[in-house]
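I opened my notebook to record what I could look up about the ligand and the aromatic rings, taking one topic at a time.

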Amino acid sequence: MSITFSPEALALQAKAREIAEKYVRPKAAESDRERAYNHEAMKACGQAGLLASWIPKEYGGSGVGVLSLCMIVEELAKADSGFGVAFAVNALGSFPLLVGGTEEQKKRFLPRVAKGEALISFCLSEKFAGSDAGGMKVRAIEDGDGYRIYGEKKWNTGGPVSDLYTVFAVTDPESKSRRISAFMVEKGTEGLEIHKVEPSMGIRGVPVSETHFKGAWVPKENLLGGKPGHGFKHAMATLDLARPGVAGQAVGAAQGALDYATAYACRRQQFGQPISGFQMVQQLLADMATQTEAARWLVYRAASLADARDPAVTKISAMCKCFATDTAMKVATDAVQIFGGYGFMEDYPIAKFFRDAKILQIYEGTNQIQRMVIARNLIKEALGLTHLEEYIPTETQVDYLPETNPA
Ligand SMILES: Cc1cc2nc3c(=O)[nH]c(=O)nc-3n(C[C@H](O)[C@H](O)[C@H](O)COP(=O)(O)OP(=O)(O)OC[C@H]3O[C@@H](n4cnc5c(N)ncnc54)[C@H](O)[C@@H]3O)c2cc1C
């Protein structure tokens, strides 16, 4: 398969790089220290059309796609990983509309996101339902021409600055496969309340909140797809499309840390020479660069499959999320090592890269969950490997029954 970088995608990438250097990097330390959202940079992203990139033309976007989203997030995260997610969460929040919304819903909500008029976030996780999102308890109960939502959502990235919330809630507690539905909830809805803003270790420039629903009423027109019971399916399809975006954030975070480490290694002198002259430092830099480049191309491949809506995207999306985010953590750790004692200090930029990297391995599905998704898909695909059976001694084999396999 081919990965095509359209002229539009390259132009948006160049814009993102410009915005990153003009509005994001100069504010990264302050935004982290003060836990301040960079509204100026987000406004610039909206004006430059970056928030329109993954939204199809018929809904007010530019239709450039998920690959373009990843290239943009990479540029922004290179300057500040926290700003990368502040941006990317708008894709996460709007993908459920794209995969499951009615035409009317897409036309009503998506143009506002594309123009940068409305920031949007994603409310799936709860205190007792993280990896096991299907175990959620937040309820949506029919009331007249709409639903009332009750309960608490945990870890709503961008919640305090959002205008729109994509909220997953249980509409049929008795059903096994159709328990959950998704709703669009607008800021200002009575009963929608932002509670605790989390005291996070990293990505401090983007507020992550508990978002509570105290009988918040939404009209039936805001039930995604117009029919209840499809929310879990929409959430999973959303994650397939969104995970390359987190992975793009990770590639940017890794590249940003590598760039600082390389620049520092060429200037820091010990034993009368720049530390970049020492082979062990060179080995660190070489491995950091190689892993970052490998992660980048896995992200581009996953994003291209996402744009093609290829069924293989689930496995590759999980692979790129897992590999790129593990890479970002490793590269950030090695970058601190290259900075030595200064890497541990908050007045140098690299400690923030280290703190920001950890969350990448946790949100949008922990990397343990990604590995489960990858392995499950491999096991399903094992049906295509029967031609290998004759090469494996028979006493070690049992009949392969995929439906009874514990994975
Ligand atoms: C800063 C931040 C921002 C977030 N933003 C959002 C957001 O915008 N919207 C949203 O909906 N959610 C968001 N989340 C939630 C995030 O997606 C969850 O934290 C994540 O999915 C893990 O859930 P958990 O924290 O409950 O951990 P748990 O599910 O309790 O997992 C704890 C540990 O057990 C492991 N584990 C769990 N199940 C298995 C298994 N079956 N096999 C192997 N290991 C397993 C996990 O990998 C992990 O190591 C955010 C979280 C954070 C911290």
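In this predicted model, I first looked up T366 and found that one of its polar side-chain atoms lies 2.7 Å from an oxygen atom of the ligand. I then noted that S131 also places a polar side-chain atom by a ligand oxygen, here at 2.6 Å, whereas for W155 the entry reads 3.1 Å between a polar backbone atom and a nitrogen atom of the ligand. Next I looked up the area of the ligand, which exposes 960 Å² when taken alone, and the protein buries 65% of that.

The space that the ligand takes is the largest pocket.

I turned to the rings and counted 11 aromatic pairs in the structure. One of them joins Y264 and F339, which are stacked at 4.1 Å centre to centre with 15° between the planes. I wrote down that this pair links distant parts of the chain, since Y264 is in helix α6 (residues 231-267) and F339 in helix α8 (residues 313-339), 75 residues apart. Both Y264 and F339 are buried.

My next entry was F271 with F278, an edge-to-face pair at 6.2 Å centre to centre and 85° between the planes. F271 is exposed because its relative accessible area is 79%, over the cut-off of 50%, while F278, at 24%, is partly exposed.

Last, I noted that ring pairs link Y264, F339, Y342 and Y348 into a cluster.

Note on methods:
Residues are numbered from 1 along each chain as its sequence is written. This is a predicted model: local features need pLDDT of at least 70, side-chain atom pairs count only at pLDDT 80 or more; totals for chains, interfaces and linings use all residues. Side-chain values use heavy atoms; hydrogens and water are left out. Rings of Phe, Tyr and Trp (its six-membered ring) pair if their centres lie within 6.5 Å; planes under 30 degrees apart count as stacked, over 60 as edge-to-face and the rest as tilted. Helices (H or I, at least four residues) and strands (E, at least two) are DSSP runs, numbered from the N terminus. Buried means under 20% relative accessible area, exposed over 50%, partly exposed in between (1.4 Å probe, protein chains only). A polar contact is a pair of N or O atoms within 3.5 Å; within protein, one must be able to donate a hydrogen and the other to accept it, and residues adjacent in sequence count only if both atoms are side-chain atoms. Accessible areas come from the Shrake-Rupley method with a 1.4 Å probe; for residues, only the protein chains shown count as cover. On a 1 Å grid over the protein atoms alone, a cavity is a set of points where a 1.4 Å probe fits but cannot get out, and a pocket is an open set with protein on both sides within 12 Å along at least five of seven lines; lining residues have an atom within 4 Å of a point. A molecule sits in a cavity or pocket if more than half of its atoms lie within 2 Å of its grid points.
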